[in-house]
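Please keep the view open while reading the points.

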Amino acid sequence: MTKRPRVDGAVSERERSTLNHGSCPVCGYRGFVFGPRGGVNLNIECGRISCRTRFNVALFAGAVQHAQRIDKRVEGGPAWPSEPLQ
Ligand SMILES: [Zn+2]
């Protein structure tokens with residue numbers, strides 16, 4: 001299991017700002033793939049195949065209000081319908 005930056009997995013304000021500008025706080029790649037969603041929450045995954053870091057983001061008025069890291073596929077996260085083609 002990958003060590004998390006915080007106990008609750010919440011991203012820093014700087015990381016949240018990076019997400020709001022469309023880029024991955026981990027690798028800087030600009031672009032995300034959508035995963036499961038419910039209510040104001042949307043799971044997103046970095047579009048860079050070598051990164052694929054996942055976040056659960058809470059959206060309001062088109063902006064990320066809160067975000068936390070969630071398990072990547074390689075960390076035991078579930079498969080999504082948007083899995084990349086092999
Ligand atoms: Zn990334």
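1. Start with F32. This is a predicted model. In it, F32 has 22 other C-beta atoms within 10 Å. The cut-off for a buried residue is 20 or more, so F32 counts as buried.

2. Where does F32 sit? F32 is found in strand 1. Leaving aside residues up to four places away in sequence, F32 touches I44, E45, C46 and G47. N43 is eleven residues from F32 along the chain, and the C-alpha atoms of the two are separated by 9.7 Å.

3. Next, the pairing around that residue. Strand 1 covers residues 32-38 and strand 2 covers residues 41-46. The two strands pair in the antiparallel sense, over five bridges. Two of the partners can be picked out by name. V33 has E45 of strand 2 as its bridge partner. F34 has I44 of strand 2 as its bridge partner. As background, strands of a sheet pair through backbone hydrogen bonds, either parallel or antiparallel.

4. Strand 1 and strand 2 form a hairpin, with two residues between them. G39 lies in this turn, and its phi is positive, at about 60 degrees.

5. Four strands form an open sheet, in the order 1-2-3-4, and the pairing is antiparallel. Which strands are at the edges? Strand 1 and strand 4 (63-70) are the edge strands, and each pairs on one side only. From one strand to the next, the twist averages 30 degrees. F32, in strand 1, therefore belongs to an edge strand and still counts as buried.

6. Then the helix. Helix 1 spans residues 13-20 and lies across strand 3 (54-60) and strand 4. Helix 1 runs at about 115 degrees to strand 4.

7. Last, the chain as a whole. The chain has one helix and four strands. From the N terminus on, the order of elements is α-β-β-β-β. The radius of gyration is 12 Å, close to the 12 Å that the globule rule gives for 86 residues, so the chain is as compact as a globular protein of that length. Along its principal axes, the C-alpha trace spans about 35 × 25 × 25 Å.

8. Two figures complete the picture. How many of the residues count as buried? Of the 86 residues, 17% do, and F32 is one of the buried residues. Among contacts between residues at least 6 apart in sequence, 31% join residues at least 24 apart.

Conventions:
Residues are numbered from 1 along each chain as its sequence is written. This is a predicted model: local features need pLDDT of at least 70, side-chain atom pairs count only at pLDDT 80 or more; totals for chains, interfaces and linings use all residues. The radius of gyration is taken over C-alpha atoms; the globule rule is 2.2 Å times the number of residues to the power 0.38. A residue is buried if 20 or more other C-beta atoms lie within 10 Å of its own, exposed if 12 or fewer, and partly exposed in between; C-beta atoms are placed from the backbone. Two residues are in contact if their C-beta atoms, placed from the backbone, lie within 7 Å. Two strands pair if DSSP finds at least two bridges between them. Axes are lines fitted to C-alpha atoms, for helices over the stretch in contact, and angles run from 0 to 180 degrees between N-to-C directions.
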